[in-house]
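Here are a few quick notes from going through the model you sent over. Have the structure open while you read.

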Amino acid sequence: MIVPLLSHDALLADINLANTDDNGVRLWWLGQSGFLVQWRKRHLLFDPYLSDSLTRKYAETDKPHVRMTELVVDPARLDFIDVITSSHNHTDHLDGETLAPLLQANPNVTMVVPAANQQFAAERLSAQTSEDFETSEVYERLTPINDGETIEAAGGFRINAIPAAHETVERDEQGHCRFLGYVVEFGDWTIYHSGDTMLYESMVERLRQWKIDIAILPINGRAPVRRVAGNLWGREAAQLAKQISARVVIPCHYDMFEFNTASPEEFNVECDRVGQRFRILRCGERYVPGSESPAACR
């Protein structure tokens with residue numbers, strides 16, 4: 001099993017060490033599509049999956065979710081979070097065993113979910129809380145958003161939602177997108193977390209309205225044999241980052257489950273070919289913009 005670069009006490013110590021009130025941004029990969037963003041002693045969590053719920057759920061099925069990377073931290077210990085996002089309702093992006101402890105540890109947190117998934121998310125989270133929360137109470141704690149909308153969230157994070165195609169741009173009966181990506185602006189920084197997505201018409205045009213410093217994109221691709229919705233391949237992620245003029249791109253959504261992963265090598269090669277700066281992180285590793293070399297690097 002892959003051992004995170006930093007985990008548990010060591011990871012929390014590194015987060016605390018970096019927690020200064022300057023205008024810089026720090027980012028840690030927590031596995032799969034989960035990232036912790038730190039800025040001015042504020043913290044935002046993108047799509048955390050910090051449990052073994054899927055491994056247990058599928059253990060006795062023909063689609064076992066065998067974990068590849070050790071758990072990086074107990075979510076109950078992350079008691080300093082200002083904002084949490086969920087891009088869609090698949091469990092590795094909306095995990096009750098991760099989010100319920102986070103909501104309990106952070107009673108004032110802003111939890112952003114697609115408007116199309118608010119009721120589903122409330123039901124999943126209320127089923128996991130150890131306290132006697134009704135679904136309606138959890139529902140009220142969630143902040144819904146739809147594509148084209150913007151939320152001024154806690155800690156100075158401005159969250160803009162755009163569609164994601166997993167594998168198509170799907171909408172509910174009210175026209176709300178079921179899958180979203182988030183462009184988050186704070187201070188002098190802009191981060192794009194795509195959620196799970198493939199390319200779709202108008203995607204590049206939509207994203208070009210922002211000057212994106214860090215693009216976080218999936219690279220596990222799509223293969224019918226997996227029987228799960230697909231994502232960008234590594235080469236597509238590299239090309240998308242180049243087309244939207246991202247300062248740096250970070251790959252994700254691999255090295256978590258044996259049946260649904262990919263090597264970052266294709267991503268690496270294509271970034272080199274098109275001249276796109278990138279950074280490949282280890283789980284639990286801190287990234288600071290500018291720490292990459294002038295050329296594309298690992």
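Predicted model: local features only at pLDDT ≥ 70, side-chain atom pairs only at ≥ 80, totals over all residues.

1. If you were wondering about disulfides, the count is zero. Cys-177 is not part of one, and the nearest cysteine sulfur, on Cys-252, sits 19 Å away. That compares with a cut-off of 2.5 Å for a sulfur pair. Cys-177 has 0% relative accessibility, so it counts as buried.

2. Cys-283 is also in no disulfide; its nearest cysteine sulfur is again that of Cys-252, at 12 Å. With a relative accessible area of 8%, Cys-283 is buried, because anything under 20% falls in that class.

3. Have a look at Glu-270, in helix α8, which spans residues 265-274. Is this glutamate buried or exposed? Buried: the relative accessible area of Glu-270 is 9%. Leaving aside residues up to four places away in sequence, Glu-270 touches Arg-235, Ala-238 and Gln-239.

4. Now for helices α3 (residues 96-105) and α4 (residues 118-128): their axes come within 8 Å and cross at roughly 75 degrees. An angle from 65 to 115 degrees counts as roughly perpendicular, and α3 and α4 are therefore described that way.

5. Which residues make that contact? From α3 there are Gly-96, Glu-97, Leu-99, Ala-100 and Leu-103, and from α4 Arg-124, Leu-125 and Gln-128. By type, the contact of α3 with α4 has four nonpolar, two polar and two charged residues.

Technical notes
Residues numbered from 1 in each chain as written. Heavy atoms only, no water. Buried < 20%, exposed > 50% of the residue type's maximum accessible area, 1.4 Å probe, protein only. Helix = DSSP H or I, 4+ residues; strand = E, 2+ residues; numbered from the N terminus. Contact = heavy atoms within 4.5 Å. Axes fitted to C-alpha atoms, helices over the stretch in contact; angles between N-to-C directions. Parallel < 35°, antiparallel > 145°, perpendicular 65-115°, else oblique. Nonpolar A, V, L, I, M, F, W, Y, C, P; charged D, E, K, R; others polar.
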